[in-house]
Amino acid sequence: YVLVGLEPAISNYLIFVAVLVMFTVSMSTMIGVVTSIAPTKSTVQVLTSVLILLNMYFCGFLVAPEVIPRYYGWLYWWAPLSWAYRALLVNEYLSPNYDDPVRGTDFTAGE
């Protein structure tokens, strides 16, 4: 965590770990639901691959939420990765590392 330059405060680290644990539990639950519904292993593999692909594509990292077509907008709010990604960004950018104002503006780098 600290080795990649993120905020070294223990509170930020604990929030980071909690977000990752909650994301892991939510994805495990979603994949568990697919596993309990699908009749064969190959069906499970296909459905979970599609589920993970949609999760990655619509989380806001690969495609910005403003660019996602309106009729696919619900996928952004459905994807657990979008919630985890946003929580990790807020956790980092609201830390004291980003309290210095940006040159020529009244905003800090975290805002």
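A crossing of two helices is called right-handed if the near helix is turned clockwise from the far one by less than a right angle, and left-handed if anticlockwise. These views show a predicted model, where local features need pLDDT of at least 70, side-chain atom pairs count only at pLDDT 80 or more, and totals for chains, interfaces and linings use all residues. Residues are numbered from 1 along each chain as its sequence is written, and side-chain values use heavy atoms, with hydrogens and water left out.

**View A. α1 passes α2 in a right-handed crossing.** Helices here are DSSP runs (H or I, at least four residues), numbered from the N terminus. The axes of α1 and α2 (residues 41–57) come within 9 Å and cross at roughly 145°; axes are lines fitted to C-alpha atoms over the stretch in contact, with angles from 0 to 180 degrees between N-to-C directions.

**View B. Residues lining the largest pocket include Tyr 1, Phe 16 and Tyr 85.** A pocket is an open set of points on a 1 Å grid over the protein atoms alone, where a 1.4 Å probe fits, with protein on both sides within 12 Å along at least five of seven lines; lining residues have an atom within 4 Å of a point. With 7 residues, α4 gives the most to this lining.

**View C. Asp 106 lies in the segment after α4 (80–93).** Asp 106 and Leu 51 are 42 Å apart, C-alpha to C-alpha.

Technical notes. Helix = DSSP H or I, 4+ residues; strand = E, 2+ residues; numbered from the N terminus.
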